[in-house]
Amino acid sequence: MVNLVNLETVSKSYGVRPLLDGVSLGVSEGERIGVVGLNGGGKTTLLEVLAGNAEPGAGRVSHSRDLRMAVVTQRTELPEKATVRNAVLDPHGYTAEHEWAADPRVRSVLGGLGMTRLGLDTPVEDFSGGERRRVALAAALVRDLDLLVLDEPTNHLDVEGVRWLADHLLERKCALVIVTHDRWFLDTVCNRTWEVVDGKVEQYEGGYADWVYARAERARIAQATEEKRQNLARKELAWLQRGAKARTSKPRYRVEAAEALISDVPEPRDSVELLAFAKRRLGKTVLELEDVDLEIGDRKLLENVTWRIGPGDRIGLVGVNGSGKTTLLKLLAGEREPDAGKRVEGKTVRMAHLTQELHDLPGQWRVLEAIEDVAKTVTLGKYELSASQLGERFGFGKGRQWTPVGDLSGGERRRLQLARLLMAEPNVLILDEPTNDLDIDTLQQLEDLLDTWPGTMIVVSHDRYLVERVCDSVHALFGDGGITHLPGGIDEYLSRRHSLLAAESSVGKQATDASASRGMSGAEEHAARKELARYERQLDKLAKRETDLHEKLAEAATEPERLAELNAELQSLHQEKDDLETRWMELADQLG
């Protein structure tokens with residue numbers, strides 16, 4: 001196989017901390033490599049050095065001649081004032097829709113990553129961080145490449161998007177180097193694994209499952225070696241104390257590798273026992289929605305829905321990005337009222353809601369103080385843990401527990417948020433993307449806690465591995481105003497989504513034919529409707545500004561100079577509003 005990239009005794013430090021220390025490795029043609037390791041352990045640094053985006057402190061990085069490589073990291077920037085079309089299609093010379101529409105790869109990427117839904121002529125500066133990352137990923141995937149380097153590509157994709165990306169990468173022949181904590185994705189896509197640990201890179205054959213077994217075997221051998229060394233030391237001390245004595249026999253033992261690897265694997269979750277315990281803690285009523293309507297803007301998320309969540313239910317909630325999962329969780333948590341119907345909460349419910357937002361804590365607090373602020377000890381299922389022990393479960397070692405909260409990274413704050421949540425000993429957990437910013441080791445600890453947690457749990461996550469391990473049932477939002485139970489789990493969800501998309505494609509063709517009768521292509525009509533919606537949002541903002549200005553004018557009635565300034569600003573706003581309304585009317589007429 002052709003070698004594409006080589007690292008020879010590469011070292012890289014930030015401050016006094018070495019992230020890479022004498023690393024030598026290579027990427028060959030067609031290899032699919034997953035990179036794992038603790039947060040802050042050097043994974044992103046390894047990718048940037050390998051790709052040539054950062055210079056090594058020592059050692060050498062070499063690329064094969066004429067290497068076609070694309071890199072999408074968490075620091076990837078898009079061109080200023082670019083549209084989706086500029087960022088994704090223009091670099092490849094596509095100037096007309098029929099040109100890119102004739103390329104199966106481009107069509108697949110634009111559809112799979114939702115670029116057509118975002119609108120090809122939408123400015124990327126209007127997008128969220130997650131949407132910008134998807135645009136950058138699309139720009140890389142439409143290219144012909146020898147090597148693709150990706151840092152957490154699944155972070156802003158839903159379950160369906162993660163499956164599409166895995167299928168797409170498996171169809172391609174280019175080499176891959178991917179940092180991700182999504183274990184299903186690692187196992188599906190990668191045929192090699194690199195673990196960045198203590199400045200070194202350990203290399204393993206296979207994906208996530210192979211790496212787990214290999215790492216366990218390595219730990220077993222290391223433990224056996226240490227025990228052997230200690231036994232030899234004890235024997236040496238004994239010999240020095242009483243002199244060497246002849247031995248007539250040696251102790252006999254046999255170690256079966258497979259038995260050693262699985263000896264400490266926990267038993268499967270005892271759902272019957274957990275359910276009985278949950279009923280004792282919660283009673284019969286936990287959370288119920290009765291004849292509920294719920295709206296987001298002008299879109300109806302739920303319509304006349306009745307849903308009863310009982311003691312010990314462990315529910316995974318799935319749906320495409322923007323389907324309303326987070327809004328539904330807020331309703332369940334009591335942070336939002338239904339538009340019709342009612343929400344019922346049991347009297348014994350002690351709820352904890354993990355949101356995607358990070359809550360501010362006093363920056364001078366130490367990590368351990370922030371956890372102990374909730375409680376000193378906690379009982380979670382069969383575990384009884386101190387605040388310090390729970391902190392260790394979430395990656396805060398003894399030394400790190402004395403770090404000021406203000407010095408923590410975003411991922412560490414997320415872990416601290418989870419630890420504080422569990423210290424309150426809730427009996428109902430509502431978790432919105434709990435795996436965001438967690439490394440694989442911390443994910444394993446979290447899953448171990450949740451797996452034996454005796455309460456009711458509703459989880460929204462794009463991490464298929466987590467949902468399938470800790471949840472007993474899967475429900476989905478398909479945009480039809482209901483909550484659909486899926487006995488077949490995520491596989492059934494993906495199958496139904498495939499059928500829905502096929503049906504939408506058929507309807508879309510009919511709509512395209514109707515657009516053509518008005519002299520517009522489907523893309524042009526889509527762009528026009530996006531523009532119309534943007535005008536409406538701008539008009540709403542101008543209306544709010546106008547109201548604020550009228551209030552300020554009333555307050556400044558006795559200040560002539562201030563009154564004149566505000567009046568001039570109001571006249572300017574009126575002109576802007578008139579112009580915008582004119583453009584809105586012209587566009588509305590075109591769309592009929």
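Modeller: Two strands count as paired here if DSSP finds at least two bridges between them. This is a predicted model, where local features need pLDDT of at least 70, side-chain atom pairs count only at pLDDT 80 or more, and totals for chains, interfaces and linings use all residues. Residues are numbered from 1 along each chain as its sequence is written, and side-chain values use heavy atoms, with hydrogens and water left out.

Colleague: OK. What's the order of strands in the open sheet?

Modeller: The order is β2-β1-β4, three strands with antiparallel pairing. Strands are DSSP runs of E with at least two residues, and helices are runs of H or I with at least four, numbered from the N terminus.

Colleague: Which ones are the edge strands?

Modeller: β2 (17-28) and β4 (58-63), as each of them pairs on one side only.

Colleague: And what does the twist average?

Modeller: From one strand to the next, the twist averages 15°. Axes are lines fitted to C-alpha atoms, for helices over the stretch in contact, with angles from 0 to 180 degrees between N-to-C directions.

Colleague: How many bridges join β1 to β4?

Modeller: Five, between β1 (residues 3-14) and β4, which run antiparallel. E8 sits opposite R60 in β4.

Colleague: New topic. How many salt bridges are there?

Modeller: The count is 28, taking a side-chain nitrogen of Lys or Arg within 4 Å of a carboxyl oxygen of Asp or Glu. One of them joins R183 and D463, at 3.3 Å from N to O.

Colleague: Where do R183 and D463 sit?

Modeller: R183 is in helix α8 (residues 183-189), while D463 is in the loop between β18 (456-460) and α17 (464-470). The pair links distant parts of the chain, 280 residues apart.
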